[in-house]
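Subject: Structure handover

Hi,

Here is the structure I promised to pass on. Please open it beside this email and follow along.

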Amino acid sequence: MHIKNWLKWRYATKKFDGAREVSEVDLNYILEAGNLAATSYGLQPFKIIVITDEAKKQALVPAAYNQAQVGGNSALVVLAASTNVDETFITEFTTRTEVERGLETGTLDGYKQIMVGQLAGLSAADRLVWSQKQAYIALGTMLVAAAEKEVDQCPMEGFDPAAFNEILGLTAQNLHATVIMPLGYRSPEDKTQHYKKVRRDLSEMVVRI
């Protein structure tokens with residue numbers, strides 16, 4: 001299929017088939033897509049948390065307003081934004097880039113200072129919002145990758161980030177739960193899979209100037 005057909009095929013799955021598991025190969029494919037997603041400066045200011053432990057998933061259900069998808073899936077992905085995007089974080093990135101590209105140490109110092117200058121001027125709250133925006137780009141990329149593999153998903157904001165942070169120990173890792181994505185396969189009992197996809201007409205959605 002072409003990407004447009006994958007996007008037509010996917011929908012926000014409300015009930016997963018508990019008897020079917022996403023293979024490790026397909027799961028890794030989806031995660032690799034998230035790792036390859038575009039981010040501002042290439043900094044990747046987030047982590048992709050993958051939860052397959054059933055007890056841990058069930059512990060998160062109340063923190064997601066008892067939505068069944070959070071507990072009844074093959075794997076629960078939590079995109080957690082970094083809260084420590086500072087000069088140290090940026091230096092680690094430029095150092096890694098210099099090593100990977102065979103550059104002399106210090107080659108990217110100028111680029112580093114541009115990033116530090118841009119981000120250091122933001123408040124902690126604004127830096128978090130910036131990091132969360134990057135996580136959403138990765139989410140979109142993983143949604144497409146999952147659809148390509150015909151793995152169902154349900155991107156969700158309906159959860160208590162503070163509770164997720166506590167249950168998963170994210171705050172101590174300088175992370176903040178931002179958006180979640182249960183993965184699995186649609187249950188035959190999920191009636192929403194038969195709903196017609198409703199979108200605006202392209203001529204109404206796109207503004208050409």
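Start at Asn73. Leaving out residues up to four places away in sequence, Asn73 touches Phe16, Glu54, Lys57, Pro182 and Leu183. Touching, or contact, means heavy atoms within 4.5 Å.

Two notes on the source. This is a predicted model, where local features need pLDDT of at least 70 and side-chain atom pairs count only at pLDDT 80 or more, while totals for chains, interfaces and linings use all residues. Residues are numbered from 1 along each chain as its sequence is written, and side-chain values use heavy atoms, with hydrogens and water left out.

Back to Asn73. You will find Asn73 in the loop between helix H4 (68–71) and strand S2 (75–82). Helices (H or I, at least four residues) and strands (E, at least two) are DSSP runs, numbered from the N terminus. Is Asn73 buried or exposed? Asn73 counts as buried because its relative accessibility is 6%. The classes are buried under 20% relative accessible area, exposed over 50%, and partly exposed in between (1.4 Å probe, protein chains only).

The side chain of Asn73 also meets the backbone. One of its polar atoms lies 2.6 Å from the backbone oxygen of Gln69. A polar atom of the Asn73 side chain is 3.3 Å from the backbone nitrogen of Leu76.

Next, Ala12. Ala12 sits in the loop between helix H1 (3–9) and helix H2 (24–36). Its relative accessibility is 27%, so Ala12 counts as partly exposed. Not counting residues up to four places away in sequence, Ala12 touches Gln153, Cys154 and Thr192. Ala12 and Pro182 are 170 residues apart in sequence, but their C-alpha atoms are 9.7 Å apart in space. Pro182 is also among the residues that Asn73 touches.

Now helix H7. How far apart are the end C-alpha atoms of H7? They are 37 Å apart. H7 has 25 residues (124–148), so at 1.5 Å a residue it should span 36 Å, and the two values agree. The expected span is 1.5 Å times one less than the number of residues. Just after H7, Glu150 takes a positive phi of about 55°.

Best wishes

How values were computed. A polar contact is a pair of N or O atoms within 3.5 Å; within protein, one must be able to donate a hydrogen and the other to accept it, and residues adjacent in sequence count only if both atoms are side-chain atoms.
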